[in-house]
Amino acid sequence: MKAVPAASTVEVDGEYRLKREGTSLQWNIADESALEAALRLKDGDGIVTVLTMGPAKLEAALKELLARGADRAVLITDRRMAGADTRATAAALKAAAEKTGPFDLILCGRRAIDGETGQVPGELAAALDILCVSNVERLEKTETGMRLFRRTENGVQELEAAGPLVVSMCEYAYHLRLPGILSMRRAKSKTVEILTADDLELKTGECGLKGSLTKVITMEAKYPGLRKGPKETDLSKATEQIQAMLREVRP
Amino acid sequence: MKEILVLCPHGVDGGLLSKAYALSEGNLRVLVLEGEEQTAEGYGAKYIHTIKTTPPDEAAFAGWLAEKIQSWGSTIVLAPATIAMRNIMPMLAWKLNAGLTADCTALDMAGEDLLQTRPAFGNSLMASIRSLSTIQMATVRPGTFRPVEQKANEPEIIPESGPAETGKVRELSFTEFAGGKPLSQADVIIAGGMGVGSKEGFEKLAKLASHLGAGLAASRSAVDAGYAPFRCQVGVTGVTVCPRLYIAVGISGAVQHLAGMSGSEKVIAINSDPKAPIFGYADYGYVGDWETIIDRLLHLEEETL
């Protein structure tokens with residue numbers, strides 16, 4: 001799961017630059033979907049581990065996920081991991097998954113609302129050499145594996161997959177449950193497990209900015225361009241003009 | 001100029017092929033489905049590899065592609081940012097030890113380097129990215145580049161056996177969405193917001209959209225209200241679109257929505273509130289009752305049938 005700046009706090013300054021200081025963090029929406037899917041899949045004896053990478057302050061937020069029903073919470077936190085691209089992130093998650101596993105299934109969100117790359121699930125699957133099914137909106141256990149409903153551009157694909165796999169979930173596929181009294185009580189006695197690069201036996205060159213294979217050269221604020229077109233209140237004219245514009249683009 | 005490889009195993013993306021043709025100065029290699037050789041030829045491809053089908057086991061597909069790409073010696077690999085390719089490319093990038101940039105909206109060459117530009121956090125930040133690996137990879141947002149046809153290049157057509165069926169992933173069924181074209185490919189999009197007021201209102205928009213061959217979209221609040229399904233949602237948590245014409249009906253214009261549609265070529269806003277922020281981001285604003293305008297357009301469409 002990834003903690004992202006809360007979308008509702010995105011603000012711009014006078015020059016349409018995004019203000020990012022002091023923004024509060026929230027769990028990425030699609031990742032919440034993934035956690036809820038995991039909680040529903042687990043049998044009485046199953047174990048759901050929540051794994052995240054980020055600043056040390058996420059410990060409290062992870063505690064809350066324990067209260068919502070997760071059995072274990074693991075935080076990868078290390079200054080050397082800052083600035084990781086999707087590859088370096090996948091490398092860290094792979095090492096952590098192997099250290100905290102074994103596991104039958106890895107669930108994650110299909111993309112985060114800040115970076116929006118959606119690449120970590122696939123890179124993680126390849127790193128672990130297991131299957132990956134993306135953009136899933138519903139899943140259930142079958143006798144031989146998993147049945148998955150994957151949303152594509154033009155329809156829903158029903159797939160069956162056998163063997164360990166990574167599944168990336170769509171936003172709002174499942175709504176994450178609220179903390180329950182029982183799980184809140186259980187969560188109190190649990191601690192968040194912390195993993196550093198050393199714990200994961202990752203060398204400095206494999207972490208963060210240094211372990212990345214892409215490099216951001218420039219970053220420019222680009223607030224949706226103001227167009228400020230003319231406003232018309234005569235609705236007959238509106239219809240005529242819209243029709244004319246439709247004619248321009250329709251083949 | 002360096003050769004560029006474009007992977008289009010789920011359908012040719014003419015715009016992307018045209019861009020790759022220009023960047024590689026005609027040194028273009030493509031992978032397409034059997035039967036699309038001529039389409040690829042029309043965009044100037046020099047080497048056309050074909051496969052019969054795309055397997056549902058995308059991990060195995062990525063493994064097969066990795067081997068092929070090494071044998072072809074390609075060092076720049078592009079693909080349209082479709083749902084399937086956005087799953088396959090990361091697996092491929094890992095196997096090829098390559099950096100990968102997602103969902104680019106601009107590409108340039110700087111000597112041997114591919115400069116990849118992509119929006120982040122909605123569309124509010126544009127990042128320019130370079131790969132540090134020998135193989136440079138990127139997915140490109142569909143509809144970003146204009147298709148430009150080229151004179152035939154007398155390409156070499158090479159049929160490939162494709163990856164072996166692993167049986168680990170099987171497709172049991174496919175249910176197509178009603179309402180035609182996916183939003184990311186629509187030339188015209190009609191989008192509704194809370195101002196549309198009801199599911200019935202959306203049905204009217206859907207009717208007009210189907211007459212026009214347009215896509216139907218919605219703001220997050222309209223989806224949350226149950227007026228339209230989630231797959232119609234445009235914005236930060238939905239899809240990003242860049243049609244030639246975007247008609248925003250009863251949408252106030254939250255930043256998160258603007259992020260998903262600000263790349264549209266032309267934007268029309270219809271809203272009864274003259275102070276709605278959406279008007280600032282529209283090329284043409286119409287202040288008044290949306291239903292009057294939509295009814296008239298529907299009427300005119302039905303007359304011409």
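The model is predicted, so local features need pLDDT of at least 70 and side-chain atom pairs count only at pLDDT 80 or more, while totals for chains, interfaces and linings use all residues. Residues are numbered from 1 along each chain as its sequence is written, chains are lettered from A in the order in which they are written, and side-chain values use heavy atoms, with hydrogens and water left out.

Select chain A and chain B together: 80 residues of chain A are in contact with 90 residues of chain B, where contact means heavy atoms within 4.5 Å. The two chains bury about 8,000 Å² between them, 59% of it on carbon and sulfur atoms; this is the accessible area (1.4 Å probe) lost on putting the two parts together, summed over both.

On the α6(A) side the contact includes Leu235(A) and Ile242(A), and on the α8(B) side Arg296(B) and Leu300(B) are among the residues involved. Helices here are DSSP runs (H or I, at least four residues) and strands likewise (E, at least two), numbered from the N terminus.

Now show Arg227(A) and Asp283(B), which form a salt bridge with the closest N and O atoms 2.8 Å apart; the term requires a side-chain nitrogen of Lys or Arg within 4 Å of a carboxyl oxygen of Asp or Glu.

Finally, Arg151(A) and Glu137(A) meet in a salt bridge (3.1 Å, N to O), joining strand β9 to strand β8.
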